[in-house]
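Hello,

Here is the structure I promised to pass on to you. Have a look at the model first, and my notes follow below.

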Amino acid sequence: MRTALKNNFKKMTRIGAGGFGTVTAAALACVVTMSPSVHAADPNGSGAAGAEAQFDQALVASIAAGGRLYDNWMRELADRKPGEMHVLYPPEGEKAGVPDETWRCVTCHGWDYKGVDGAFESGPDYTGIKGITRVRGMKPDDITPLFTDEKHDFGNRLDKQSIADLSNFLAYGMTPVDMFIDPVTRRVKIEPVSASPHFSTICVNCHGADGRMMATIPPLGDVARADPWQSMHKMLNGHPGDAMPALRAFDMITTLGTLSFIQSLPSRDQLFAIARGGKLYDNWIDELDIPEPKDVHPAFPKKDSVREGSNTWRCVECHGWDYKGAHGIKGIDSKSGAHPAAIMKILSDDTHALGTYLKYEDLYDLASFVSFGQIEMREYIDPQTNKARGNAENSERYYLTLCATCHGEDGRAIRTMPPVGRVANERPQQALHKVLHGHPGDAMPAWQASMPPLIIKDMLAKLQTLPQRK
Ligand code: HEC
Ligand code: HEC
Ligand code: HEC
Ligand code: HEC
């Protein structure tokens, strides 16, 4: 079996060196042959018998386990995270501030196994460290010393089995990615597929039919388009420490089809994200319907008194209804138009301390609001008089058809809130934000995307004419 494997392996690498446009059926057939997992791999079909077949199964499982360890051995082994940075990690690297991240093989060698010669050649993942593709096809025993050496320091940290799994993965499990994924367009080199049995019956259980069900990670479509190598690696080996299945036992054609299908799945709906982000900005505790943090937010100025009934964890408490800052804290207006990823980074910092409360999805929506949802409120409201810069009569029909169903013709129908007229006059910026983005935790719609600014101004003027007393 070992020799068969090696031969198949040689065949595969020879093809890999050729470089194709689209992966051909012949090439795929050879790759299927290379996979130690597939019984079709054995040309005469005899290898499936007895002990050899068993060895085969165990090897596939070991390779997949090695792949998960490569991804994140701390998570896979539920092991204690090292508190200090890995000695081989460059101190100026992006992940230097998160010591345990620097201990993942993938952090230094990449999802495409090519290190600095692959997708990690620049950007936040850059380390300058070389890839490990050279060891592909070597004897596992000859690979072991390369990462259990003094510098890598995995000899003492990983048990025997894990070291064997990793060595098996490096010898037999690293996909020659350039053969299957175009390094420039990042698309799978097959004709796009419109259906995937694997996705629709396996992945769907946890990731949802459109790949957007898990709030802790980006939509799968986005992940697979931005980093197909990661998706390929996770599909073949599973997710460390989780129940996600490893597809290594299936053939490569199916896996590529699944990946191609995932690359066609939708992103998060941007208008929805902005509107939800606006509600979270207003009051994420109500919007998420979670218990409020008991303590005062650590960044809230000590000298300032906390308003009764308010919560210092709301973005709006520190950054204001007009986004220009409150309590001496700066506004968020200068971040309008900034890249959402940069804003997510700010929200994940120690000042904001939101880590335990908000998931990826929430941070993404907040960032979408900060980047794309802010308006200059002075264009809508005269800051001297607090009057809306619009004409109330123009929006009569809008108010009656869109708002009165809930708020009543005079704005006093909802008993749990002050009359709309009072809010619009006393706190017009607050009223404007809520008209644009809706009310957290309630069914009130967000109007920003469906009403042009002119109508919003007229609407606000109309609200200011409504009765202010209960
Ligand atoms: C903090 C960065 C870092 C991490 C984490 C890391 N490596 Fe490395 N690795 C390196 C560097 C740097 C080299 C090159 C060393 C040299 O050239 O002497 C290397 C070399 C290797 C090589 C030899 C490649 C060759 O062509 O000779 C293998 C194999 C390897 N690493 C496997 C692993 C495995 C498996 C893990 C995880 C268990 C891992 N590495 C984790 C930095 C890292
Ligand atoms: C039993 C549940 C389960 C199934 C089934 C499952 N996954 Fe996952 N998947 C997870 C979990 C859990 C994570 C990690 C989430 C996290 O990091 O918070 C994950 C993460 C991922 C990621 C990484 C996303 C990222 O940015 O971290 C990819 C890619 C992925 N899965 C693809 C797939 C594919 C493709 C399938 C089907 C072949 C699949 N998953 C089936 C549970 C599952
Ligand atoms: C208790 C007060 C407080 C709360 C609540 C708060 N922030 Fe901040 N925020 C700050 C402080 C203080 C800074 C400035 C930090 C610095 O400059 O290092 C800041 C900075 C920012 C910035 C960068 C502004 C710039 O121009 O650099 C953004 C964007 C931001 N916050 C968004 C939010 C969002 C969204 C929320 C709600 C999830 C939020 N903040 C909640 C105190 C707060
Ligand atoms: C589906 C019902 C519904 C519709 C339609 C609706 N709202 Fe609301 N609105 C609510 C609810 C519920 C609240 C929050 C009530 C509370 O605080 O208890 C609210 C709150 C508000 C507030 C915030 C008041 C405050 O306390 O800050 C304003 C202003 C407002 N609505 C204006 C409008 C305008 C203008 C329209 C039409 C363009 C509209 N609403 C359409 C249900 C609705």
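A word on the element names before anything else: helices (H or I, at least four residues) and strands (E, at least two) are DSSP runs, numbered from the N terminus. This is a predicted model, in which local features need pLDDT of at least 70, side-chain atom pairs count only at pLDDT 80 or more, and totals for chains, interfaces and linings use all residues. Residues are numbered from 1 along each chain as its sequence is written, chains are lettered from A and ligands numbered from 1 in the order in which they are written, and side-chain values use heavy atoms, with hydrogens and water left out.

**The second largest pocket**

A pocket here is found on a 1 Å grid over the protein atoms alone, as an open set of points where a 1.4 Å probe fits, with protein on both sides within 12 Å along at least five of seven lines; lining residues have an atom within 4 Å of a point. The second largest pocket holds about 1,200 Å³ of space, the volume being the space filled by probe spheres set on the points, which are joined across faces, edges and corners. Its lining counts 42 residues, and D282, M417, Q430, K434 and H439 are the closest to the centre. Helix α15 gives the most to this lining, with five residues. By class, the lining has 23 nonpolar, ten polar and nine charged residues (Ala, Val, Leu, Ile, Met, Phe, Trp, Tyr, Cys and Pro count as nonpolar, Asp, Glu, Lys and Arg as charged, and the others, Gly among them, as polar).

**Ligand 4 and its iron**

H407 (NE2) and M444 (SD) coordinate the iron atom of ligand 4 at 1.9 to 2.1 Å; donors are N, O and S atoms within 2.8 Å of the metal (3.2 Å for Na, K and Ca), and water is not among the atoms, so sites may look incomplete. The iron site is octahedral, with angles of 86 to 179° among its six donor atoms (six donors count as octahedral if opposite donors are over 155 degrees apart and all others between 65 and 115). Because H407 lies in helix α15 and M444 in the loop between α17 and α18, the pair ties together parts that are 37 residues apart in sequence.

Around ligand 4 there are 21 residues, of which C403, C406, H407, T416 and M444 come nearest; a residue belongs there if one of its heavy atoms lies within 4 Å. For polar contacts (pairs of N or O atoms within 3.5 Å), a side-chain atom of T416 lies 2.6 Å from an oxygen atom of ligand 4. H439 has a side-chain N or O atom 3.3 Å from an oxygen atom of ligand 4.

The 20 residues around ligand 1 have C105, C108, H109, R134 and H152 as the nearest. A polar side-chain atom of R134 lies 2.7 Å from an oxygen atom of ligand 1, and the side chain of H152 has an N or O atom 2.7 Å from a nitrogen atom of ligand 1. Helix α4 gives the most to this shell, with three residues.

Of the 22 residues around ligand 2, C203, C206, H207, H239 and M244 come nearest. T216 places a polar side-chain atom 3.1 Å from an oxygen atom of ligand 2. The shell around ligand 2 divides into 14 nonpolar, five polar and three charged residues.

Best wishes

Key: A polar contact is a pair of N or O atoms within 3.5 Å; within protein, one must be able to donate a hydrogen and the other to accept it, and residues adjacent in sequence count only if both atoms are side-chain atoms. Four donors count as tetrahedral if all angles lie between 85 and 135 degrees; four count as square planar and six as octahedral if opposite donors are over 155 degrees apart and all others between 65 and 115; anything else is irregular.
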